[in-house]
Amino acid sequence: MSQPISFDWAIAPETPDTFFSEYFEKKPMLIKRGQPGYFADLLSYAEIDRVVSTMGLNHPEINVTKSDGNITPADFAYETGQIDPVRVNQLFADGATVILSGLHERLPQLARYCRAMEQVMSARVQTNIYMTPPGNQGFNPHYDSHDVLVLQIAGSKEWRIYGTPVELPLNDQGFERGMDVGEEVQRFVLEPGDTLYVPRGVAHDAVATDETSLHITTGLMFRTWADVLAEAVIAKAHREPAMRRALPPGFANHGADLGAYDDTFKELMDLVADAPAGKLLAGFREDFLTGRVPRVEGQMAQLAALDTLTVDSRVGGRPHLVYALHMETEDEQVRLSCQGAEIVMPDFAASAMEFCLTTPEFRLGDMGGELDDAGKLVLAKRLVREGLMQVL
């Protein structure tokens with residue numbers, strides 16, 4: 001790969017600043033590169049063949065579909081849910097699209113890609129892989145309830161962009177059959193090495209051209225301000241008895257004047273208005289940090305390497321870490337939260353910890369911060385054991 005996996009790499013030559021200011025949650029972004037091998041290290045037909053044919057996956061890890069919707073799991077999976085790879089390949093040969101969900105949990109290169117995206121988005125990221133035979137499509141026009149970033153790996157697809165039936169839909173506002181998707185507003189062919197961003201709610205469909213298409217759809221699973229407001233109501237209700245009172249007895253009876261409670265509702269909403277946004281967001285951040293399962297390739301070898309670690313060893317933070325450092329002044333400690341781990345150390349180690357997490361390669365003895373050589377070795381060993389650093 002010509003450069004490390006990152007969000008910048010996925011959208012180059014566009015910049016993150018341009019993406020977030022002009023396209024994010026606003027309109028599709030198409031990047032035509034003319035570099036067919038740009039994403040070749042992420043995935044290939046041969047790897048998909050190996051996954052489908054030898055990994056013993058289950059439905060819905062693998063799904064098979066056509067735009068006419070006449071394929072069911074019984075057509076390609078046993079009663080146990082395990083897929084029949086022979087039937088999957090037969091259906092594909094007959095024009096069906098094969099979808100592999102969650103392959104980032106099985107293929108390290110896709111896991112690295114998702115981690116890179118999560119670091120930028122502060123959101124859970126997933127992949128769906130679509131392999132479509134020539135001239136076919138998996139779905140009719142529809143919109144997604146999450147933003148997507150599409151990476152075209154091989155082959156090509158003609159995409160059509162329509163209107164926005166629901167602007168920025170929530171998860172429970174999914175596309176329903178029969179919805180009006182509006183007029184076609186854009187049409188283009190996505191070729192190997194191209195990238196496409198589609199905001200949630202924007203209707204679209206895609207048809208493979210005269211060659212088999214393989215692409216990665218990256219799902220960006222953002223939390224919303226509605227989630228924060230809901231959390232604010234729950235948090236406030238734990239402190240305000242008025243919010244815990246029962247709804248008026250008889251309110252559901254015919255003829256009850258429901259509008260009479262508008263003032264009560266406004267008073268309750270006023271109680272939520274002063275909810276501390278920072279504290280609520282801190283809770284969401286902690287949920288995100290603790291929910292990131294470690295991805296630690298080569299960790300057994302890393303632990304073995306600790307026996308020979310010296311101040312002259314080359315080390316570095318693992319890529320794409322998302323972390324928080326909490327200074328606990330009263331106890332003179334610093335607490336690190338990162339990918340499910342929580343490490344507490346004396347507060348004078350804080351700058352050294354941050355240096356280790358953010359520096360991809362350095363001589364251990366050159367570690368920034370205020371630790372002596374013995375302290376540097378102790379910290380490095382602890383972070384390597386926790387999967388946050390690696391010996392290079």
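Here is a chat about a predicted model of one protein chain.

Biologist: Before we dig in, what should I know about the model and its numbering?

Modeller: It's a predicted model, so local features need pLDDT of at least 70, side-chain atom pairs count only at pLDDT 80 or more, and totals for chains, interfaces and linings use all residues. Side-chain values use heavy atoms, with hydrogens and water left out, and residues are numbered from 1 along each chain as its sequence is written.

Biologist: How many helices and strands are there in the protein chain?

Modeller: Both come from DSSP runs numbered from the N terminus: helices are H or I with at least four residues, strands are E with at least two. The C-alpha atoms of the chain fill a box of roughly 65 × 65 × 45 Å along the principal axes. In the protein chain, the count is 11 helices and 16 strands.

Biologist: What share of the 392 residues is buried?

Modeller: Buried means under 20% relative accessible area, exposed means over 50%, and partly exposed is in between, using a 1.4 Å probe and protein chains only. For the 392 residues of the protein chain, the buried share is 44%.

Biologist: In what order do the strands of the 7-strand sheet run?

Modeller: Two strands count as paired if DSSP finds at least two bridges between them. This sheet is open and its pairing is antiparallel, in the order S1-S8-S5-S10-S4-S3-S2. Its edge strands, each pairing on one side only, are S1 (29-31) and S2 (62-65).

Biologist: Is strand S5 enclosed or open to the outside?

Modeller: Strand S5 (residues 147-154) runs antiparallel to S10 (residues 213-221), joined by 7 bridges, and antiparallel to S8 (residues 195-198), joined by 4 bridges. Of its 8 residues, 8 are buried, so S5 is largely enclosed by the rest of the structure.

Biologist: Which residue in S10 is the bridge partner of aspartate 147?

Modeller: On the S8 side, leucine 151 stands opposite threonine 195. On the S10 side, the bridge partner of aspartate 147 is leucine 220.

Biologist: Which strands form the edges of the 3-strand sheet?

Modeller: That sheet is open and antiparallel, in the order S7-S6-S9. S6 (residues 157-161) pairs with S7 over 5 bridges, and arginine 160 has arginine 187 in S7 as its bridge partner. The edges, each pairing on one side only, are S7 (186-190) and S9 (204-208).

Biologist: How many disulfides does the structure have, and why?

Modeller: A disulfide here is a pair of cysteine sulfur atoms within 2.5 Å. Cysteine 114 is buried at 2% relative accessible area, but its sulfur is 17 Å from the closest cysteine sulfur, in cysteine 338, so that is too far for a bond. Cysteine 338 is also buried, at 1%, and its sulfur is 12 Å from its closest one, in cysteine 356, again too far. The search of the whole structure therefore comes back with a disulfide count of 0.

Biologist: Which residues are linked with Glu286 in a network of salt bridges?

Modeller: Arginine 335, buried at 19%, meets glutamate 328 at 3.1 Å, N to O. Arginine 335 also forms a salt bridge with glutamate 342, the closest N and O atoms being 3.0 Å apart. Glutamate 328 is partly exposed at 25%. The residues linked in the network with Glu286 are Glu328, Arg335 and Glu342.

Biologist: Is glycine 278 buried or exposed?

Modeller: Glycine 278 lies in helix H8 (residues 277-291). Its C-alpha atom is separated by 38 Å from that of methionine 179, 99 residues apart along the chain. With a relative accessible area of 52%, glycine 278 is exposed.

Conventions: A salt bridge is a side-chain nitrogen of Lys or Arg within 4 Å of a carboxyl oxygen of Asp or Glu.
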